[in-house]
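Here's a quick briefing to read with the model open beside you. Take it topic by topic and check each point against the structure as you go.

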Amino acid sequence: MKALSYIATTLILMGGLASRSALAQTSGTSSTAAITAITLTSSTHQFLADRSGTVTITVSVSYRGTLSRLGARLMAPESSGPKWSFVSATGASAKPLPGDTSAWEFSFTNTPASPVTFNVTLNYASGLASVDDAIVALQTFTAFALQDTSNALDSRGAPISATLTLAEATFHAADVNRDTRIELLEVLKVVQIYNARNGTVRTGAYDATFEPAPNTTPVVPVRPHSADLDRDGTISLLELMRVMDLAKYVAPSGRTGEYHADSRGVDGFLTGP
Ligand SMILES: [Ca+2]
Ligand SMILES: [Ca+2]
């Protein structure tokens, strides 16, 4: 498996312009200020391995007490391969420049009321994972909330963190152009495999590139075709019908053949977007 560019993005939220010692000298409201939770959600749970794309991560931080200022820092480790780069952010009064690939910093001059929620849009370059990987690649983001700029992650010493993992998008082998839709031509390609013959006998045999393999004894490729449910190196009538079912999805605008990865499907996919 090709080396993956794991991106560990660290988000550090700092509370208060006051130093820790200043906080320690005060009592009452400010001494009880603490970040209580951080959550990460994203616009998509998948990234594409063979092309670039954009993901928006929503960061939400809850705190109690009074925080005069919030700062945020995102770290992306150096990668010899494709990188994530900053596109834009909402809510922060100071933010990185578009295209920055590391040390992304944000600040809020007036701390909004808890929870503080802001969006960070990131772009990734093509090739985060090889499209030939047999194993689904992952990109994991980690966020740490920080109340104090120089000391404990939390006034009580326990780091408050969250992770967000994106998985490499998986496509049905029938979806040759990888647009998450199974078009008529793509169904016909599976029909073509189904019709492969060895002499007078229909075998439905295919090769490792998912081309029909006529006049051969079926061989099961290392990565069988998604339609080959019993993984015997051939496409049976039932298996062909499953592809046709996936291709039947109808949106309000008409038939689209949209599908998505879902482990509950017999082939790991279900119809619809
Ligand atoms: Ca397609
Ligand atoms: Ca089969």
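**The exposed side of α2, and what lies opposite**

On one side of helix α2, Leu184, Leu185 and Leu188 sit exposed. Keep in mind that this is a predicted model. The protein has three helices and 16 strands, and buried residues account for 29% of its 273 residues.

**Helix α2**

- Within α2, which spans residues 184-194, the buried residues are Glu186, Val190, Ile193 and Tyr194.
- Looking down the α2 axis, these buried residues fall within an arc of 105°, so they line one face of the helix.
- Leu184, Leu185 and Leu188 are on the other side.

**How α2 meets α3**

- What do the buried residues of α2 pack against? They pack against α3, residues 237-246.
- The α2 and α3 axes are 10 Å apart, and the helices pack at an angle of about 175°.
- Angles over 145 degrees count as roughly antiparallel, so that is how α2 and α3 run relative to each other.
- From α2, the contact takes in Val187, Val190, Val191 and Tyr194, while α3 brings Leu240, Val243 and Met244.
- Sorted by type, the residues of this α2–α3 contact come out as seven nonpolar, no polar and no charged.

**The nonpolar cores**

- The largest nonpolar core here holds 27 residues, and Phe47, Ile57, Val61 and Leu122 have the most contacts inside it.
- Elements giving two or more residues to this core are β2 (34-42), β4 (53-64), β6 (84-89), β7 (104-108), β8 and β9 (138-145).
- β4 gives the most, with five residues.
- There's also a second, separate core of 17 residues, which includes Ala174, Ile182, Tyr194 and Ala227.

**A closer look at Leu122**

- Leu122 belongs to strand β8, which covers residues 116-124.
- Is Leu122 buried or exposed? Leu122 is buried, because 24 other C-beta atoms lie within 10 Å, and 20 or more is the cut-off for that label.
- Leaving aside residues up to four places away in sequence, Leu122 touches Val55, Ile57, Trp84, Ser85, Phe86 and Val87.
- Leu122 and Gly53 are 69 residues apart in sequence, yet 8.5 Å apart in space, C-alpha to C-alpha.

**Contacts across the sequence**

- Of the contacts in the protein between residues at least 6 apart in sequence, 63% join residues at least 24 apart.

Terms used
Residues are numbered from 1 along each chain as its sequence is written. Chains are lettered from A and ligands numbered from 1 in the order in which they are written. This is a predicted model: local features need pLDDT of at least 70, side-chain atom pairs count only at pLDDT 80 or more; totals for chains, interfaces and linings use all residues. Helices (H or I, at least four residues) and strands (E, at least two) are DSSP runs, numbered from the N terminus. A residue is buried if 20 or more other C-beta atoms lie within 10 Å of its own, exposed if 12 or fewer, and partly exposed in between; C-beta atoms are placed from the backbone. Two residues are in contact if their C-beta atoms, placed from the backbone, lie within 7 Å. A nonpolar core is a set of buried Ala, Val, Leu, Ile, Met, Phe, Trp, Tyr and Cys residues joined through C-beta atoms within 7 Å. The arc is that of the directions from the helix axis to the C-beta atoms. Axes are lines fitted to C-alpha atoms, for helices over the stretch in contact, and angles run from 0 to 180 degrees between N-to-C directions. Angles under 35 degrees count as roughly parallel, over 145 as roughly antiparallel, 65 to 115 as roughly perpendicular and the rest as oblique. Ala, Val, Leu, Ile, Met, Phe, Trp, Tyr, Cys and Pro count as nonpolar, Asp, Glu, Lys and Arg as charged, and the others, Gly among them, as polar.
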